[in-house]
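Please look through the sequence and the model shown here before reading on. The paragraphs after them lead from a local detail to the whole.

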Amino acid sequence: MMGFTHVGVGIVTTGMIWEAMGLSGYTTLIGAAIGGVGGMLPDIDDCNSILGRQLPILPLVINALRIEHRGFTHTPVCLLIFTAAAYIAAITWNLNIFYAASLCVGYATHILTDAITREGVRLFWPFFKGRIALTGIRTGGIVDYALGAAAYIAIISYIVNSHILQHIRSQISF
Ligand SMILES: [Zn+2]
């Protein structure tokens, strides 16, 4: 999937989970934004990704270590390691556990949405090293764009209807 789709799906999924769990509007909004960042993380293995373009050191590291795009960073094993690290970091530095979890939820949505493209991901690594493609959707194709657009429409309608905006409106109206 394209970077903008990953960010949108990460935001919507994280926001929906926190909303369903009844977290405050503030925690849900911040968590959803962090989920969007988590949705970009696995593509750190791609120099041309949103994060890759922001980190000029990345092409050097990728070339030196011969890191394969959609390799280890796109496996559930890497997600588990990342989740454990995020949990330990949150406990160690006394951070909001929901914000750490938001990164992990976003990360998970990235692996799943790449798994439904025809290029697939290594879902069962290291037991089975081949890539699994759950559907034949093309990255950069019409479904990719439609999924991204749907995510951003959901985000905009949520913000417009959110209690936070209603609160701001009530403060400025006479
Ligand atoms: Zn990816």
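Pro126 is found in the loop between α6 and α7, the latter covering residues 142-161, where helices (H or I, at least four residues) and strands (E, at least two) are DSSP runs numbered from the N terminus. The peptide bond that leads from Trp125 to Pro126 is cis, with an omega near 5°. This is a predicted model, in which local features need pLDDT of at least 70 and side-chain atom pairs count only at pLDDT 80 or more, while totals for chains, interfaces and linings use all residues. Residues are numbered from 1 along each chain as its sequence is written.

Taken as a whole, the protein has eight helices and zero strands, so that the elements, read from the N terminus on, run α-α-α-α-α-α-α-α. The C-alpha trace spans about 60 × 45 × 30 Å along its principal axes. With 174 residues, a compact globule would have a radius of gyration near 16 Å, and the 17 Å of the protein agrees with this; the radius is taken over C-alpha atoms, and the globule rule is 2.2 Å times the number of residues to the power 0.38. Of the contacts in the protein with a separation of 6 or more, 61% are accounted for by residues 24 or more positions apart, two residues being in contact if their C-beta atoms, placed from the backbone, lie within 7 Å.

Buried residues make up 31% of the 174 residues; a residue is buried if 20 or more other C-beta atoms lie within 10 Å of its own, exposed if 12 or fewer, and partly exposed in between, with C-beta atoms placed from the backbone. The largest nonpolar core has 20 residues, and those with the most contacts inside it are Ile11, Ala101, Leu103, Cys104 and Tyr107. Such a core is a set of buried Ala, Val, Leu, Ile, Met, Phe, Trp, Tyr and Cys residues joined through C-beta atoms within 7 Å. The elements that give two or more residues to this core are α1 (3-20), α2 (25-38) and α6 (97-115), and its largest share, eight residues, comes from α6.

From its first C-alpha to its last, α6 reaches 27 Å, close to the 27 Å expected at 1.5 Å a residue, the expected span being 1.5 Å times one less than the number of residues. Cys104 touches Gly38, Phe82, Thr83 and Ala86, not counting residues up to four places away in sequence. Thr109, also found in helix α6, is buried, with 27 other C-beta atoms within 10 Å. With the same exclusion of residues up to four places away, Thr109 touches Val9, Gly10, Thr13 and Gly39.

Helix α5 (residues 76-92) has 17 residues and reaches 24 Å between its first and last C-alpha, close to the 24 Å expected at 1.5 Å a residue. In the loop between α5 and α6 lies Asn94, which has a positive phi of about 55° although it is not a glycine, and which is exposed, with 7 other C-beta atoms within 10 Å. Arg66, placed in the loop between α4 (58-65) and α5, has a positive phi of about 50° although it is not a glycine, and with 7 C-beta neighbours inside 10 Å it counts as exposed.
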